[in-house]
Amino acid sequence: MAVPTPSFSHVSAASGRAPARRDIAESTYERLRGALSEPEWLLFEPLIRDIERLKAERRAIILAHNYQTPEIFHGVADLRGDSLALAREAAEGDADVIVMCGVRFMAETAKLLNPGRTVLLPDTQAGCSLAEAIQPQDVRELRRRHPGVPVVCYVNTSAAVKAECDACCTSANAVAVVEALGSERVILVPDEYLARYVAAQTRVEIISWHGHCEVHERFRAADVAEFRTLTGAYVLAHPECPREVQQAADYVGSTAGMISRLAARRPASALLLTECSMADNVAVLYPEIHFLRPCNLCPHMKRITLTNIRDCLERLEPRVEVAEEVAAGARRAVLRMMELTASPRVRSADPAASGPAGPPGV
Ligand code: 13P
Ligand code: SF4
């Protein structure tokens, strides 16, 4: 789900702010008011102004994942959302340049779907522990051990790994993709906890791998129970969390699923068992919800800053390229995901996106 940009009333002339602010960024400032202090805004405003100018000059579009900081997410992004929304959005539009404010596998996916466009990743060190957890030869070995069993890879993988797989999936559509393959057994790599989450919701036998997200694996069920007792907060967990953490939550789903669930339930207080910026960004949309903040930072997502976004737009570097020998296979896996989940016969992967609030599917 792409996150909508909320509409806010503009800053009034009586507010006493300098004219320079009013001409470029009134609505941006209004949007960010709840998430940033005045000194932070003064620091970010010139960068936001430069980025807006460069976007127009370069015919560029900025995509931002839900884990990006508010000044990026609400300040300069044109399209925002979870991995699935970013993959879909990357396939649309006619911009010459795509800036991916996220991690490498997201930029690679954008490049696979836009081979003729320039795709920029503001910091090439923005990786992902899940993408590091499996290599192409591991997929080949799994196929050798389980002949004839289709392989689904989480989008959090390198293009080289995707090229070895039959279809890719995200946390929002993993159940749907697995079921749509029509096989009694499916290999689902690399996240062990996502695989167990899927296995709990389908009759398809899931063969998993042992990859973990370094951010989500740090949450502990005992801490969740303690927080719930102390605060009564509604608890939402990402499927990359350990299984006992998922079981301790009220809802389990992708980052977009969490937003949909919060929009539907509007709890007085909420605890998001995921990356820290997620709560900061959602709080801008739903200021009436009190977010508790025992979150974990993703060091890779946090490599993206307004400064390196500005710099990459200025230099049109660093560009993300996908090696010729893996691009066709990796693109096939991403497009297969989209085909499989476009079918009306496939049930929605994320009940929160449309259905009523209910117990988590774990
Ligand atoms: P989502 O697809 O749910 O946004 O998750 C991406 C991710 O990297 C979670 O750690
Ligand atoms: Fe990868 Fe985890 Fe960071 Fe998501 S939060 S990008 S899965 S390391």
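This is a predicted model: local features need pLDDT of at least 70, side-chain atom pairs count only at pLDDT 80 or more; totals for chains, interfaces and linings use all residues.
User: Let's start with sheets. How do strands hold together, and in what order do the four strands of the open sheet come?

Analyst: The general idea first: strands of a sheet pair through backbone hydrogen bonds, and the pairing can be parallel or antiparallel. Here, the order is 2-1-3-4, and the pairing is parallel. Strand 2 (79–81) and strand 4 sit at the edges, each pairing on one side only. From one strand to the next, the twist averages 20°.

User: Can we zoom in on one pair? How many bridges are there between strand 3 and strand 4?

Analyst: Three, in the parallel sense. To find a spot to look at, pick V97: its bridge partner in strand 4 is T118.

User: Now a helix. Which residues of helix 15 are buried?

Analyst: A handy rule: an α-helix has 3.6 residues a turn, so residues three or four places apart point the same way. In helix 15 (residues 306–315), the buried ones are L306, I309, R310, C312 and L313. Looking down the axis of helix 15, you'd see these buried residues within an arc of 165°, so they line one face of the helix.

User: And what covers those buried residues of helix 15?

Analyst: The cover includes helix 2 (38–58), helix 3 (70–73), strand 1 (60–65), strand 3 (97–101) and strand 4 (118–120). Helix 15 lies across strands 1, 3 and 4, and runs at about 160° to strand 3. Just past the end of helix 15, take a look at L316, which has a positive phi of about 55°.

User: Back to strands. Which way do the residues of strand 5 point?

Analyst: In a regular strand, side chains alternate between the two faces of the sheet. Strand 5 (residues 151–154) has V151 and C153 pointing one way, with V152 and Y154 pointing the other way, and all are buried.

User: Which strands does strand 5 pair with?

Analyst: Strand 7 (residues 185–189) is one partner, parallel to strand 5 over three bridges; there, V152 has L188 as its bridge partner. Strand 6 (residues 167–169) also runs parallel to strand 5, again joined by three bridges.

Note on methods
Residues are numbered from 1 along each chain as its sequence is written. Chains are lettered from A and ligands numbered from 1 in the order in which they are written. A residue is buried if 20 or more other C-beta atoms lie within 10 Å of its own, exposed if 12 or fewer, and partly exposed in between; C-beta atoms are placed from the backbone. Helices (H or I, at least four residues) and strands (E, at least two) are DSSP runs, numbered from the N terminus. The arc is that of the directions from the helix axis to the C-beta atoms. Two residues are in contact if their C-beta atoms, placed from the backbone, lie within 7 Å. Two strands pair if DSSP finds at least two bridges between them. Axes are lines fitted to C-alpha atoms, for helices over the stretch in contact, and angles run from 0 to 180 degrees between N-to-C directions.
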